[in-house]
Amino acid sequence: MTTQTTRVMELMRPLPASGAPAGIEPSFWKAIVPADNAGNEARIALGRKLYFEPKLSKDGTVACGTCHDVSRGFTDRRGTSEGIGDKVGRRNGPTTMNVALFFSQFWDGRAATLEEQAKLPIQNPIEMGQPDGNAAIAGIKKDPEYQKAFKEAYGRDVNFDDLARAIAAFERTLIFLDAPFDRFIAGDMKAIDDDAKAGWVIYNGKGRCTSCHQISSSNPIGTDNRFHNVGVSARHQDFEGLAKKALVALAKDSSKETIDKLALETDLAELGRFVVTKNRADIGSFKTQQVRNVGITAPYMHDGSMATLWDVMDHYNKGGEANPYLDGGIEPLALSEKEIDQLVAFMFSLTDLRFDADNKAEFARQKKIAASKRPLRDDAAAQRKVLPFERRAEGKR
Amino acid sequence: MSDFKKRPSVKSIETKHMEERAELFRALKSLDRRSFVKVAAAAFGAAAASGVTPHSFQPVRVAHAQGAAPAGGKRESFHFAYISDSHLLERTLNDRFVNALMRAVDDINAMDPQPDFVLYGGDLAQLGQPKELELGAQILKSVKAPIKFMVGEHDWYLDMGEKWRELFGKPLYSWDHKGVHLVVLNSVVEKDFWTARKMSPMDRMKTVAGLDNGWQSSFTVGDEGRKWLDEDLKKVPATTPVIVFSHSPLYKLYKPWNFWTDDAEQVQAILKRFQNVVVFHGHTHQLLTNRIGNIHFHGFLSTAWPWPYAPQGMPELTVQMGRPDPFDPQDGCGDGSAMIHPDGLADKVYNLWNRNPVTVSRNYTASRGAKEKPAVPNLKSY
Amino acid sequence: MTTNFVTNAGPMLLPRIGLVAALLTVAACGGGSGSAQPTLTPVPPPPTAAPQSSAQPPAPKIPAAEGIEVLLCDGKTQVNVPQGTPGTAIAGALMTEWLRKNPNSTWEAEERERHTLQTAADNSSLVGQVSGHSYGKITQQDVALWKAETERVATAGSRVFHNGDELGSTIGVSCDMCHPHAANTHPETYPKFQAQLGRVALLRDMINWCIEHPVRGKAMSADDPRMRALEAYILAQRKGKVLEYGKH
């Protein structure tokens, strides 16, 4: 964890006078930061210490930084994350880069703020395994350094709420919006190559990416902050049966912790947002993730089922996976191989320059895999020769 | 911008005629059906002579008991599903509409329990072409439950129903099911507007295909259709629930878009003697609810695209579906079902894709909107 | 220079006119040449030179070898007139010939019949008022001209709006399929930030988005005559609505 701590401090840049990180509209930033948790040196330092603190976990082996590793794109580069005692969950750990710019946290949006989010993995039996907040702070409560840090940061003794606040304050410093794409948008025509430029045009047009992954000056990370069923979960489970099962379980106990547990442990995880809202419209819906730094946060989707960005493109190009709750905006795109390559080039141009070496290595690695394996590729579907609901309608699933 | 305050209060044609009609019915309340029809016809004649025809889209307060209790005898409830207004073009031309119909078929086949039957609400083809109708027929063969077909204007006006009859049989028919009498009408009969203009069949079809095309005539059930309906219903006792499937709404909502049946009053008069009548109609591609006396009206969703709500003429009872998202080509579309209670009234379920389903219940229309009002959406129509 | 969107394609009945051809038609007929296109009304053909005698039919008039071939700006319509024929008679002959070959030239009246158009503002109250300077002197002809020209472009927009081929749709879709009479187009709410477009959108941006996606055609440039006409039609249909930019 010490290497991670050093590394993350190297990556930090001083804040501009406005107080908002570079690349973010100041009025927007003001609206995001909660009044009782404005960032300052003490809070950020405490939060950084806690983010890398394995003593917060039940067996002392897992910290936030275990799955949200600074050296691996702030994720763990695994399909789904592994917690204490080698327990493997069902969700792909999202990157903590730019998380401040989401309107909700987790793939199903069950935490409204970073403060709320920070508490839950700590208490999850298969992540950090603590039974409750008190157990969580037991390992650090008696440490005089922590006692001093908490007093400096929040004027109070070591407590679970402030622990979450501090981690949130630290995470708000993890802004990485200085990519070649940003330089291009600012006017440097040589910042990205022709393929990436062509990809940007397709992203806004034929690719239909901006239906959900909108990039704008106010919210530059490429998400609409909404939840969509793009058909990823449809590859695994029977939805209708699962939905019924979920309603039964939640009728018994609908607290946040139960939902958290259900989401990670059981098949119910495939229902996504539905487990939180219990709206039929949300069955199989997951949060639109950011496209920033996607190049270095493989594998992709909520279950980590897609190894490369070419797989992601194949999935969308064929119109996702048909299921009764598929978002109506998902349809076959009829993109050519060239257009796919251009979109992928564009996506790799969204990685912050501080991770340029990693980005280049990842591009090479993914390209090599994609050259031989394209498991989701379906040209007939992409070219609309076979339509998304055709086989299902004919009774072949 | 004109000075609205200074202008004298001008009533729209629809408002004026609504008032006149309400007056007419107030006067006719005490008449029996035959005299009613005679007087109404005379009134229509007189009104027509003055260049004005009574319209109706207000619930008419009928003197006898409201919210009819379930009729005597043991009738079981049942449910049916519907798919409507698919507007198919050949799949090499438009894959989106074809895929949407396939999605609807998948929905219906996944229903558990399965519906007793499925009703296809009309406008299977977009331009009435044989290939379009055949494509639709082919796709709908995959529906597991028995399926009944109803014609829409897009199916008819290329060849005046020749291909339709070949594929689906007679456009007007009826059957009985679990004590309920069901009727399918051809309610898109238009007066000939094409001969005088020397239009080709495709010209005619394209004219009818334009919702806002002013060259076409208003929909009617027509003299023959009404005669057929009258005959068909003669043997049906007044206590038997009647369900009418019609493409046009069988009332008068908005003439410029043919959300309209020109002989609606006459059709309603034929249906007036029954205790409970429910009309299910296509054409409007939206959530629509109305009640006129003993008749409860429900609209079908389209699989292809949603229509906006008409600027005037909206029935009181309708709680609009939320404004569709232009960035989602399937928003505002879907299919659905209806549960028919023992008394013949319906819980109408709108299975809107990517939204929570909306149910317009029997109690809502029976109580004229007092109970179980559907939720009002956040985004309203412009 | 006029911006009449004149085309010799009848609505819905003739095969798709290529964009280039349409533009050429506009450009050739006064759009680019700088000369005003007069409103041509059919006039009777010029009188023949032969005397009218009831006793015997006049001798057939053989075109003189020195007759002039006059070609209309559409590149197709032509007449042969004797030398010395006055210009107005030539114009009249050309117009008659063009109308004969283009029976659907009544596109404007037909389009208005098919799809009602909100009328442009009535400026007749301005006629006859004296303002003391030339800008304020409005004549009846001014008012009539303004109305005719304005409504013509809006009518042309209606024609494109209702025609998938004109829009360039590859899936047989036209605007009126979701927007009968331009309902639900709400131009009065632009400009507004539209996340999916990644920026503050004007009406034309949304039109282009619709053309690319629901209509599956090619986006138009902002000064494409079709785009201008579409905007004109949509704005015409929403006459009287309160402007509320930014409204969602």
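B:Gly225 counts as buried because its relative accessibility is 6%, under the 20% limit for that class. This residue belongs to a predicted model, in which B:Gly225 lies in helix α8 of chain B, residues 222–234.

**Position of B:Gly225**
- Between B:Gly225 and B:Phe149 the C-alpha to C-alpha distance is 17 Å, and the two are 76 residues apart in sequence.

**Nonpolar cores**
- The largest nonpolar core comprises 165 residues, and B:Phe245 and B:Phe280 have the most contacts inside it.
- Helix α3 of chain B (residues 95–109) supplies the largest share of this core, with eight residues.
- Leaving aside residues up to four places away in sequence, B:Phe280 touches several residues, including B:Phe80, B:Ile243, B:Phe245, B:His298, B:Phe300, B:Ile340 and B:Lys348.
- Another core, of 37 residues, lies apart from the largest one, and among its members are A:Val8, A:Val70, A:Ile122 and A:Phe170.
- In soluble globular proteins, nonpolar side chains tend to be buried together.

**Contact between chain A and chain C**
- Nine residues of chain A and six residues of chain C take part in the contact.
- About 700 Å² is buried between chain A and chain C, and carbon and sulfur atoms give 43% of this area.
- On the side of chain A that touches chain C, five residues are polar, three are charged and one is nonpolar.
- Three residue pairs are in polar contact across the interface of chain A and chain C, both residues being at pLDDT 80 or more.

Methods
Residues numbered from 1 in each chain as written. Chains lettered and ligands numbered in written order. Predicted model: local features only at pLDDT ≥ 70, side-chain atom pairs only at ≥ 80, totals over all residues. Heavy atoms only, no water. Contact = heavy atoms within 4.5 Å. Buried area = accessible area lost by both parts, 1.4 Å probe. Polar contact = N/O pair within 3.5 Å; in protein donor to acceptor, adjacent residues only side chain to side chain. Nonpolar A, V, L, I, M, F, W, Y, C, P; charged D, E, K, R; others polar. Core = buried A, V, L, I, M, F, W, Y, C linked by side-chain atoms within 4.5 Å. Buried < 20%, exposed > 50% of the residue type's maximum accessible area, 1.4 Å probe, protein only. Helix = DSSP H or I, 4+ residues; strand = E, 2+ residues; numbered from the N terminus.
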